[in-house]
Amino acid sequence: MTVFARTILLAALLSPVAVLSDELAGHPTWLALLHHDRTDLLGNTRSAVVSRDFFFSPNGSKDPSAELQRTRAMLEADPAQYADNEHPLCRFPARAMWLKDQGFVDDDLHAECSSLDEWLGANKNSRIGLVFANGYLGNPASFFGHLLLHISPDGLLPSEHASLLEKSINFGADVPASDGLLRYMALGVTGGYTATFSETLFYRNSQVYAERQMRDLWLYYLNLEQDQLDFLIKHLWELRGVEFTYLFLTENCASRIGRLIELATSREVLPANPLWVAPEAIILSLMAEGSVETPLLREGIHLPSRRSKAEHKYRSLSLDERRAAHSVWPNREELDLDAEAFLSLRESSRAAILDSLLSHLLYLRRSHPELEVAQVQRRLLAARLDLPPSGDSIGNVPVAVPVHEMRPPSYIGVSGTSRTGGEFGIAVTARAAQYDLLSGDSARMPYSALEILALDLEWFGESNVKLNDLTLFSVTSLTPVPHRLPGGRRLSWHASLAWRESDLLFNDRIWQAELLAGKSGRLHDHLVYGLFGLGAHARSTLDEALGFTIRGGVLTNWDQRLRSNVFLSDRFAREDPRDSGPQLSIHGRYSLAPRTDLSFELEIDRSNHQSSFGILQYF
Amino acid sequence: MIFTLTTMNEAYSMNRLIAIGTVSALLLVPQALMAQNKDINPWQHCGIGAAIFDDNETAAAISNVIWDSGSTAVTSATMTPDTCSNKAIKVAEFIDSTYETLAIETAAGSGAHLDALLTLQGVDESDRLIVISRLREDLHERASDERYAEISHSDKAFQMYQSLNNAAEI
């Protein structure tokens, strides 16, 4: 190369445009616009977008610099050569907006983009919201909740009826209907699916999540500046039909929506290299962002599930009205609209009773579609229509604990412990996620538990620190019929995998997998449950493999702060010389502060006992 | 022979033309009439129904993707701008998706879904009580008949759609 050529090249490399180009190619906003946030096993980064037409450069998914150069060339292409909606400016308005702001492309670029203009016009002066759907134990992918984007026209007060007709943007994996659960789980964790953003009116999502899956929803709004809002709306346009890699733990609805908010606000919403991203973590992170006066996320409205509505309607009835409700509908097959207890009440009471029964029936039909209650429903409907309308049929459903106020999923605790023989020790407990039967959060699925990675360390006097319990996962669903009205046969179940001491004595440890099923029901303010099933045990001292486990208990929310779970367990195995008979467990939790609990536990079997009293801090 | 063939071909062509004409007339005339008929059934004529009302809840729950654009239901439709206007489709889709909830809210006389439906239909605030009253009367009449329990989902939804169109004509 001649000296002249070298000089020209150096000048080109050092030119303001070249310097700016290098700067912009690695700029967080440019990387976010390309969704350049995936890291492979070798540490190489690339875009999470798999659609080839999302990039102008053939190597654009891996090379942000090449994509930047090619984008500039395409955006600056002569508009006269393109028909309406065909110019690259119409396809990538957010890229154009940002590159204009950076002075990297001509500020006067313009093309005819009627479809884009229509989209921008429809979403002008809108508010962007987030809808959180609480966890759903009917599908492992939904255990930790779900997050959707929501677009509302500005100026309207948030309300359930208004939200139904507003825009809802969902991010989810495209799973063929033929894929079974196991295949779905395997491919979901390993990146075997792609995912897309989809747009629809919110009522469709509300029907699925709140009315069919019985999940409470919370709608929050983002406090965005106008230019941030414009930028996000334009980028959402760019994402229509774009396919992303889907990874259940890290490339899911929460992480993708979190990254969109990062793009719009230039704030860090997600941790740098998260092992997994839960929807509620995004809500909590956003609530902590912004100033005290104007947090990035502001509280919106609670959209109760059909289950919550039905339960609330029943609980709103007076004792006489409840009694009459049971007289009218004593069991699934029988309906007595001439019951004296019912007819003797005022018209408004009868209307309230029938509203409650109809709401409960709808809950039943959706959670137990096999039930034949169509005639019961018809007669109740006709009877209700005989009475005058009674105002708001939803009623004021009590506000459940908002997502951002519920207990964080992890905790660490310390307790004093005593056991048979008068020994005293110290125990440390910790959990990675998520909630348990004593968490008492109404924002979670009621009477359910989902614990991931929990451990229990003990130290007694002279002995070494011992790992008493390591739970890999423990899922429990005791969901009963909401109240004493006729219900379907709802299965309660429990599944867990743990490594633990086999009983209250040391020196015998087991891997224990349990799969139990049973029934639960309400008795006044208590939830009574019974579970029975298989327990597979791999012992350190025996070859025993399989046994049966039976467990029955009473779960009680004494008040807003005090909760207890008293249960009796026994395990039956063919040969078990260490069998210490049934074990009684009394677990309690008292809420001292929003993130602090006192905890107490007592375990008693035929010959031993152990008790502990301590404090748990959630984080 | 050739003549005959030609004649046959012509006759065949003519018959085909007549047949096409007749079929077209049968299709077009009712459509033209339907275009002016407020009783058009979007479930039958606009492709609403199965495509929207997804019974495969497991698949829906697994994928978290329920509908891809909000308008995919109108695929195999014989939709024309006259017979299946955008508003009619939106109202019909809403009723189809939320019928069970709408029925109990109509019985109670109010509710979020009922409000949303009236908004979608463009019913003024001042007319809503009357419209709701008419919807209740119609539903009462239908629910008083034992056969109501056996009617298909789409027929019930269509009845409410008709009822709303009639009630909204104030």
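Q: How much area do chain B and chain A bury between them?
A: This is a predicted model, in which local features need pLDDT of at least 70 and side-chain atom pairs count only at pLDDT 80 or more, while totals for interfaces use all residues. Buried area is the accessible area (1.4 Å probe) that two parts lose on being put together, summed over both. Of the area buried by chain B and chain A, 58% lies on carbon and sulfur atoms, and the total is about 4,200 Å².

Q: Which residue of chain A forms a salt bridge with Glu93(B)?
A: A salt bridge is a side-chain nitrogen of Lys or Arg within 4 Å of a carboxyl oxygen of Asp or Glu, and side-chain values use heavy atoms, with hydrogens and water left out. Across the interface the rule finds two salt bridges. In the one that involves Glu93(B), the closest N and O atoms are 2.8 Å apart, and the partner is Arg204(A).

Q: Which helix gives the most to the side of chain B that touches chain A?
A: Helices here are DSSP runs (H or I, at least four residues), numbered from the N terminus. H3 (57-63), H4 (86-108), H5 (112-121) and H6 (128-143) of chain B each supply at least two residues of that side. The most, 13 residues, comes from H4(B).

How values were computed
Residues numbered from 1 in each chain as written. Chains lettered and ligands numbered in written order.
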